[in-house]
Amino acid sequence: MSVKTKSANVNVRLYPEIKQEVENIFAYHGLTLAEAITVFINHARHAGGFPFDLRNARWQDPVSLAALEECKRIEANPKAYKRYKNADELFSDLDSDDDNDVSI
């Protein structure tokens with residue numbers, strides 16, 4: 001019986017802040033970045049493609065996530081937020097000196 005050794009290399013260029021972020025995520029789960037990449041590759045191999053559904057992928061940047069959370073708050077309590085019939089009404093309100101704004 002022969003023992004196989006890992007000898008193939010994969011080089012990936014990442015932004016340092018992204019690398020650090022994912023290293024922290026994987027470390028939380030007890031994995032190094034190299035181990036997490038190996039898990040991904042093995043899952044892709046067994047799945048015969050990406051091991052997740054790309055159609056449901058969403059951007060997870062902080063601005064988008066904050067906007068989604070704001071939408072959820074508005075949906076949960078729509079009467080707490082101002083509504084406008086059209087853009088002219090919105091801009092008129094923005095130009096007014098009225099300080100009765102609702103904070104989000």
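Glu23 is partly exposed, with a relative accessible area of 25%, where buried means under 20% relative accessible area, exposed over 50%, and partly exposed in between, using a 1.4 Å probe and the protein chains only. The side chain of Glu23 meets that of Lys19 in a salt bridge, with 2.9 Å from N to O. This is a predicted model, in which local features need pLDDT of at least 70 and side-chain atom pairs count only at pLDDT 80 or more, while totals for chains, interfaces and linings use all residues. Residues are numbered from 1 along each chain as its sequence is written, and side-chain values use heavy atoms, with hydrogens and water left out.

**Salt bridges**

- Side chains of opposite charge can pair when their charged atoms come close.
- The structure holds three salt bridges, a salt bridge being a side-chain nitrogen of Lys or Arg within 4 Å of a carboxyl oxygen of Asp or Glu.
- Glu69 forms a salt bridge with Lys72, and their closest N and O atoms are 3.5 Å apart.
- Both Glu69 and Lys72 belong to helix α3, where they are three residues apart, about one turn of the helix, and Glu69 is partly exposed with a relative accessible area of 40%.
- Lys82 forms a salt bridge with Asp93, with 3.1 Å between the closest N and O atoms.
- Because Lys82 lies in the loop between α3 and α4 while Asp93 lies in helix α4, this pair ties together parts that are 11 residues apart in sequence.

- Asp93 is found in helix α4, which covers residues 87-95, and Asp93 is buried, with a relative accessible area of 19%.
- Lys82, in contrast, counts as partly exposed at 34% relative accessibility.
- The side chain of Asp93 also makes a polar contact of 2.4 Å with the side chain of Tyr84; a polar contact is a pair of N or O atoms within 3.5 Å, where, within protein, one must be able to donate a hydrogen and the other to accept it, and residues adjacent in sequence count only if both atoms are side-chain atoms.

**The aromatic pair**

- A search of the whole structure finds one aromatic pair, the rule being that rings of Phe, Tyr and Trp (its six-membered ring) pair if their centres lie within 6.5 Å, with planes under 30 degrees apart counted as stacked, over 60 as edge-to-face and the rest as tilted.
- The ring centres of Phe40 and Phe50 are 6.4 Å apart and the ring planes stand at 55°, so the pair is tilted.
- Phe40 lies in helix α2 (residues 33-47) and Phe50 in the loop between α2 and α3 (62-76), so the pair ties together parts that are 10 residues apart in sequence.
- Phe40 is partly exposed, with a relative accessible area of 34%.

**Helix α1 and what follows**

- Helix α1 has 13 residues and reaches 18 Å from its first C-alpha to its last, close to the 18 Å expected at 1.5 Å a residue, where the expected span is 1.5 Å times one less than the number of residues.
- Ile18 is found in helix α1, which covers residues 16-28, and is partly exposed, with a relative accessible area of 39%.
- Just after α1, Gly30 takes a positive phi of about 80°.

**Overall make-up**

- The protein has four helices and zero strands, where helices (H or I, at least four residues) and strands (E, at least two) are DSSP runs numbered from the N terminus.
- Buried residues make up 5% of the 104 residues in the protein.
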